[in-house]
Amino acid sequence: MKVTEHLSRANGKTLFSFEVLPPKKGENIHTLFSNIEPLLEFKPPFIDVTYHREEYVYRQHPNGLLEKKTVRRRPGTVGICAAIKNRFDVDTVPHLICGGFSKEETENALIDLHFLGIDNVLALRGDPIKSEGHFKPEPDGHAYACDLIGQVSNLNKGEYLDEEQDDTWATDFCIGTAGYPEKHFEAPNYGADLRYLKHKVDRGAEYIVTQMFFDNEQYFNFEKRCREAGINVPIIPGLKPLTTKGQLTMLPRSFYLNIPEELAEAVHQAPDNEAARNIGIEWCINQSKELMAHGVPCLHYYSMGKSESIRRVAAALF
């Protein structure tokens, strides 16, 4: 079932969903399953599975020469989506990214997903390769998420890359995209960021999932600006409980977000990570309650591979 269908059938009730990471290459998928299972009691209608692009590593040979190799540390997004759907009978939302894909490879991945009965994709530009510093598209790939969304939308109309194909079968993907309550770090200003988001919706995005935030006023202001800009699709807030003291610096650096002074000071004063985790969970519970009272369609939690903190949050809400 499509994400938008789940939202409409909820009749105003706030749903629960979460995001998981594919296991690192060589790890057992049952570790992933064991992190999903504790969250199933809260009846998630869908689970997101992230996609991680390639990285460059340098390996030194005995003669001293360095060899540049391309590695993909977390492969298997499509297979994991199928495995979760088969094992738990829960809809999955694979992330689809521009980086590392040609248009042909994107089309083939979409065909695989269509054949597997997966009805949803979250279309993202994706991050640059860590060693490069800025995003570089593939020579025959997409540079922007709006163009990736356009390709999925075209496939939903039966329009394939090979225009000479006859009797093509149209797919029927529900397309999600990302929104940034505190502005995407590459956008020159907030107004430009909203125009880019409106363009993604105009190209075919049917719902928005936000980057994580820790101040609900950021979400409320973002939602208001979106509606004023003519963006009328559902906006799902993305949340994450702080779980370590180190995340006070790691999360702002990695995700370009602000942590409220009250939360930051409380975590900073915590004697250890266990105390910090309890503070983060309580903050996330209070955030979630306020968002539910506001009437958000779904609360989407970023697990980063661990489920216990999210289980504690969900147990207080659902």
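Helices and strands here are DSSP runs, counted off from the N terminus, and that is how the element names in these legends work. One thing to keep in mind for every view: this is a predicted model.

**View 1. A negative patch on the surface.**
Nine residues make up this negative surface patch: E104, E105, D140, E159, D162, E163, E164, D166 and D167. Let's zoom in on E164, which sits in the loop between α5 (145-156) and β7 (174-179). Is E164 buried or exposed? Its relative accessibility is 70%, so E164 counts as exposed, the cut-off being over 50%. D167, another member of the patch, is found in the loop between α5 and β7 too. With a relative accessibility of 82%, D167 also counts as exposed.

**View 2. Two residues with a positive phi.**
Stay with D167 for a moment: its phi is near 55°, a positive value in a residue other than glycine. Now hop over to N11, in the loop between α1 (3-9) and β1 (15-20). N11 isn't a glycine either, yet it has a positive phi of about 55°. N11 is exposed, with 72% relative accessible area.

**View 3. Aromatic rings in pairs.**
When you look at two aromatic rings together, you describe them by the distance of the centres and the angle of the planes. How many aromatic pairs does a search of the whole structure find? It turns up nine. Take F16 and F18: their ring centres are 5.8 Å apart and their planes meet at 40°, so this pair is tilted. Both of these residues, F16 and F18, are buried. They also belong to one aromatic cluster, together with F42, Y301 and F318.

Y51 and F101 form a tilted aromatic pair, with 5.2 Å from centre to centre and 55° between the planes. Y51 is in the loop between β2 (46-49) and β3 (55-60), while F101 is in the loop between β5 (91-97) and α4 (103-115), so the pair ties together parts that are 50 residues apart in sequence. Y51 is partly exposed, at 22% relative accessible area, whereas F101 is buried, at 11%.

Find F214 in the loop between β8 (207-212) and α7 (216-228). F214 and S17 are 197 residues apart along the chain, and their C-alpha atoms are separated by 18 Å.

Side chains of opposite charge can pair when their charged atoms come close. The count for this model is eight salt bridges. One of them joins the side chains of K2 and D172, at 2.8 Å from N to O. K2 is in the segment before α1 and D172 in the loop between α5 and β7, so this pair links parts of the chain 170 residues apart. K2 is buried, at 16% relative accessible area, while D172 is partly exposed, at 49%.

R203 and D147 form a salt bridge whose closest N and O atoms are 3.3 Å apart. R203 belongs to helix α6 (residues 190-203) and D147 to helix α5, so the pair ties together parts 56 residues apart in sequence. R203 is partly exposed at 30%, and D147 is partly exposed at 28%. Next, look at K224 and E228, another salt bridge, with 2.7 Å between the closest N and O atoms. Which helix holds K224 and E228? Both are in α7, four residues apart, which means about one helical turn separates them. K224 and E228 are both exposed.

How values were computed: Residues numbered from 1 in each chain as written. Predicted model: local features only at pLDDT ≥ 70, side-chain atom pairs only at ≥ 80, totals over all residues. Heavy atoms only, no water. Patch = residues over 30% accessible without salt bridge, like charges linked within 9 Å, V, L, I, M, F, W, Y side chains within 5 Å. Areas by Shrake-Rupley, 256 points an atom, 1.4 Å probe, with all protein chains shown as cover. Salt bridge = Lys/Arg side-chain N within 4 Å of Asp/Glu carboxyl O. Lys, Arg positive; Asp, Glu negative; His and termini not counted. Charge placed at Lys NZ, Arg CZ, Asp CG, Glu CD. Buried < 20%, exposed > 50% of the residue type's maximum accessible area, 1.4 Å probe, protein only. Phe/Tyr/Trp six-rings, centres within 6.5 Å; stacked < 30°, edge-to-face > 60°.
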